Amino acid sequence: MPIDLDTLNENQRKAVLWGDGPLLVLAGPGSGKTRVLTFRVARLLEEREDVSVLALTFTTKAAAEMRERVDQLLGQRGDRAHLCTFHSFATDVLRQHGSHVGLRPDFSLLTQDEDRIAILDDVAARLAEDGHPVPTDRRSLLTLLDRLFAESYDGGPEAPPLTRRLGNYTIN
Amino acid sequence: MKLRKLKIENFRGMKDLELDLGDTTVLIGENNSGKTAVLEVLRLCLRELGPRRRVVFDAFDFHLKDADAEPSSAEPIQITITFSEDAVGDWDDQLVGRLNRQKVLQVDGDGRSHVVLRVTCAFDLNSRDFDQNWSFLTLNDQPLTGIFEAALGTLQREVAYFYLPALRDAARHFDAKGPYWRPFLKDNQLPAEKKAEIAKKLKEVNDLVVASHTSFEQARKRLKKVQDVVPMASGDMVSIEAVPGRIFDMLAKAQIHLGTSTGAKVPVGRHGEGTQSLAVLMLFSAYLDAWSTGTPIIALEEPEAHLHPSAVRAIWGVVSGIAGQRLISTHSGDLLSEIDVHNVRRLVRTSAGVRSFRVPDNLLSSEETRKLNHHVRRARGELLFARCWLLVEGEAEVWIFPAAARASGIDLHQKGVRVVEYSQSDVGLLAKVANALGIPWYCVMDDDSGRRKYEAAVKANLGSAKESDRLVLPYPNLETHLLPSGYAPQYAPFMSAQNLAKMKKAEGDPGYWEEFASHLPSQAKTRGAAAVAAEMERHGAVGVTAELTDILTKAVTLAGSA
């Protein structure tokens with residue numbers, strides 16, 4: 001049963017049916033971006049039995065909604081659609097394949113700032129032992145580090161000892 | 001998706017066994033060496049095991065290390081099953097996708113995909129019960145977390161495991177409940193109009209049969225009286241179905257009849273054991289052709305059961321034609337003769353549990369493989385079952401050693417010693433293969449000029465064994481040894497008068513027998529040996545020289561150590 005595209009407007013339909021390489025849908029709020037994506041996922045799955053689709057969202061809620069709508073459109077569970085948030089996808093990849101970079105699958109994520117500051121304290125204490133000066137305001141230091149991580153700052157050859165130390169940080 | 005590695009820890013006779021599996025793997029070994037256990041453990045893990053964690057092992061599956069051991073204190077059973085790509089891209093994208101969505105797929109440094117399943121079972125002291133768990137692992141043996149229960153089902157669907165045990169009772173297998181026959185009997189393969197047509201015909205046939213059988217009508221009337229005693233819901237409750245009236249019923253009663261030599265058709269269950277076994281194998285193969293998906297793993301226990309040797313060799317054609325990965329256990333040298341020696345895994349029970357031996361893929365050159373095929377595999381597949389090879393030079397020795405054993409009351413067969421002739425073959429190759437398969441060997445060599453030909457090859461393949469446990473040079477040659485030991489009359493008739501005339505020494509002179517032996521025509525050596533063998537058996541143990549006794553004792557000791 002082909003998916004009914006009649007409820008879509010012309011632009012939406014064009015985006016859903018696009019078949020030639022990558023596609024960026026750029027539109028304002030409430031213009032039906034998610035709807036387009038959902039239809040597109042369903043169409044791809046229905047048209048070709050050999051494809052699977054990875055669809056990533058920002059929130060769990062959005063992922064669940066898309067899942068429901070894709071299944072509805074297909075009239076069955078779209079097993080070949082992998083629908084989840086960016087974060088859970090990244091975590092899954094690290095769990096499944098992290099052993100290549102020395103990560104154990106049973107790692108846990110630190111989401112509370114307090115936990116992260118505790119680790120920072122630990123590292124800072126060790127740096128102090130080695131005779132390196134360490135700023136005392138942990139919270140702003142954490143914000144600074146987060147920004148460096150976000151920019152994938154790897155320290156380079158001239159990296160200060162703190163970043164190197166953090167890069168090697170492992171929980172015993 | 002092929003099963004490439006199986007590690008079995010603390011299961012039945014196995015303490016720690018690692019097996020690598022090819023597209024075809026043939027397990028050999030004595031009774032109780034664990035062949036069936038291997039096939040069984042895979043059935044438990046790939047078929048029986050379910051997401052509900054119902055324990056599939058029982059108390060006797062635990063490896064009990066001594067007479068006092070109890071399952072409750074035994075080491076945990078741990079089974080690790082690894083599926084691997086042989087080359088990047090062996091598994092198609094859809095398969096990889098399915099495994100990836102279950103988050104169980106692993107990729108190694110070369111880009112090859114793997115899936116590792118581990119099943120463990122241990123006795124839990126708190127609950128006083130067996131605690132069973134399964135998990136998928138990373139390539140460095142760590143359990144993956146966040147795996148859904150459905151992952152196991154996904155794996156089990158991809159690698160459907162089919163196990164056909166040695167007992168192949170056709171009557172049971174061709175029953176409507178037989179797992180491989182039942183699917184053939186499902187009526188949903190018939191279109192509706194065909195069903196209606198058949199049902200109508202069946203009713204006609206039934207009415208006709210019942211009408212022409214007056215005894216049926218009487219039985220029906222009698223049975224109807226039941227209704228007079230026991231009130232029943234509707235009127236005509238008793239009907240006789242001489243022919244199954246409904247399609248599913250008829251299909252359930254469908255029977256296979258095989259023609260006999262006289263042309264008479266006899267139900268398969270009434271044929272001989274061999275035919276039954278063969279018929280079940282064929283059914284199994286037909287079932288797999290019709291219904292299997294993915295790459296099934298076919299486990300066959302002793303496909304040779306009850307078959308004539310020629311039929312055994314022929315059956316390999318059937319077995320190798322079954323699509324999928326094949327895992328076979330056998331006791332048949334004839335079957336082994338049809339199989340590449342690299343596929344053979346020899347299981348040996350040792351004090352440290354069962355061990356597995358194989359000829360590694362790159363051990364033999366193609367020329368050596370050819371020689372091995374010619375001298376051992378095709379002609380003497382049963383050699384691979386031996387516990388010790390007594391390597392001897394030629395036909396004369398093949399006459400003498402078994403005869404000497406019989407004369408001394410040693411049963412070489414029972415001890416598992418096989419006498420193997422090497423002058424026509426390649427002694428180094430035989431030693432190499434025996435080492436790889438974990439078969440101890442003992443080489444008897446003439447201490448003469450011919451020694452140079454073989455000695456280096458033997459010494460190059462000692463492995464970790466001492467030279468004295470592998471090589472003996474008891475005499476310059478067999479004839480020089482036997483002639484002065486009372487067996488001259490057995491050789492004398494084969495000595496030509498012409499050669500006798502060339503003799504320089506007289507009987508009693510030192511070196512007389514050496515000279516005599518050197519003048520023996522070559523065919524006299526084998527003929528003489530056959531005569532000596534017969535004479536030796538007549539004499540009994542007293543007729544066996546000390547040298548021969550020592551060699552036999554050594555071979556038997558080595559066989560016992562394996």
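Five bridges tie strand E15 (residues 388-392) of chain B to strand E16(B), and the two run parallel. Strands here are DSSP runs (E, at least two residues), helices are runs of H or I with at least four residues, and both are numbered from the N terminus. Two strands count as paired if DSSP finds at least two bridges between them. Before going on, note that this is a predicted model, where local features need pLDDT of at least 70, side-chain atom pairs count only at pLDDT 80 or more, and totals for chains, interfaces and linings use all residues. Residues are numbered from 1 along each chain as its sequence is written, while chains are lettered from A and ligands numbered from 1 in the order in which they are written.

Back to the sheet. One of the residues in this pairing is B:Leu390, whose bridge partner in E16(B) is B:Val419. The whole sheet is open and has four strands, in the order E16-E15-E17-E18 (chain B), with parallel pairing. Strand E16 (417-421) and strand E18 (471-472) of chain B sit at the edges with a single partner strand each, so one side of each has no neighbour in the sheet. As a reminder, strands of a sheet pair through backbone hydrogen bonds, either parallel or antiparallel.

B:Leu390 turns up again in the largest nonpolar core, which has 137 residues: B:Cys388, B:Leu390 and B:Leu391 touch the most other members. Domain 1 (2-169 + 293-347) and domain 3 (362-561) of chain B both give residues to this core, so it lies between them. A nonpolar core here is a set of buried Ala, Val, Leu, Ile, Met, Phe, Trp, Tyr and Cys residues joined through C-beta atoms within 7 Å. Buried stands for 20 or more other C-beta atoms within 10 Å of a residue's own, exposed for 12 or fewer, and partly exposed for anything in between, with C-beta atoms placed from the backbone. Take B:Leu391: leaving out residues up to four places away in sequence, it touches B:Val420, B:Tyr422, B:Val427, B:Leu430, B:Trp441, B:Tyr442, B:Cys443 and B:Val444. Contact here is a matter of C-beta atoms, placed from the backbone, lying within 7 Å of each other. Apart from that core lies another, of 14 residues, including A:Val16, A:Val41, A:Met66 and A:Ala81.

Zooming out, chain B has 22 helices and 18 strands, and 35% of its 562 residues count as buried. Among contacts in chain B with a separation of 6 or more, 73% come from residues 24 or more positions apart. The chain is divided into domain 1, domain 2 (175-254) and domain 3, with bounds that come from an automatic or database domain assignment. Where do domain 1 and domain 3 of chain B stand relative to each other? Their C-alpha centres lie 42 Å apart, and their contact takes eight residues from domain 1 and ten residues from domain 3. On the domain 1 side, helix H11 (333-336) and strand E13 (344-350) of chain B are the elements that give two or more residues. H11(B) gives the most, with three residues. By class, that side has four nonpolar, two polar and two charged residues. In this scheme Ala, Val, Leu, Ile, Met, Phe, Trp, Tyr, Cys and Pro count as nonpolar, Asp, Glu, Lys and Arg as charged, and the others, Gly among them, as polar.

Two arginines in chain B are worth a look for their backbone. B:Arg12, in the loop between strand E1 (2-11) and strand E2 (14-20) of chain B, has a positive phi near 45°. B:Arg128, in the loop between strand E6 (113-124) and strand E7 (129-137) of chain B, has a positive phi of about 55° although it is not a glycine. Which of these is buried or exposed? B:Arg12 is buried, with 21 other C-beta atoms within 10 Å, whereas B:Arg128 is exposed, with 8.

Now for chain A. The contact between the chains takes twelve residues from chain A and 14 residues from chain B. Helix H4 (residues 86-97) of chain A gives the most to the chain A side, with four residues. By class, that side has one nonpolar, five polar and six charged residues. Over in chain B, B:Gly97 in helix H2 (residues 93-101) touches A:Ser52 and A:Arg80, not counting residues up to four places away in sequence.

Terms used: Contact = placed C-beta atoms within 7 Å.
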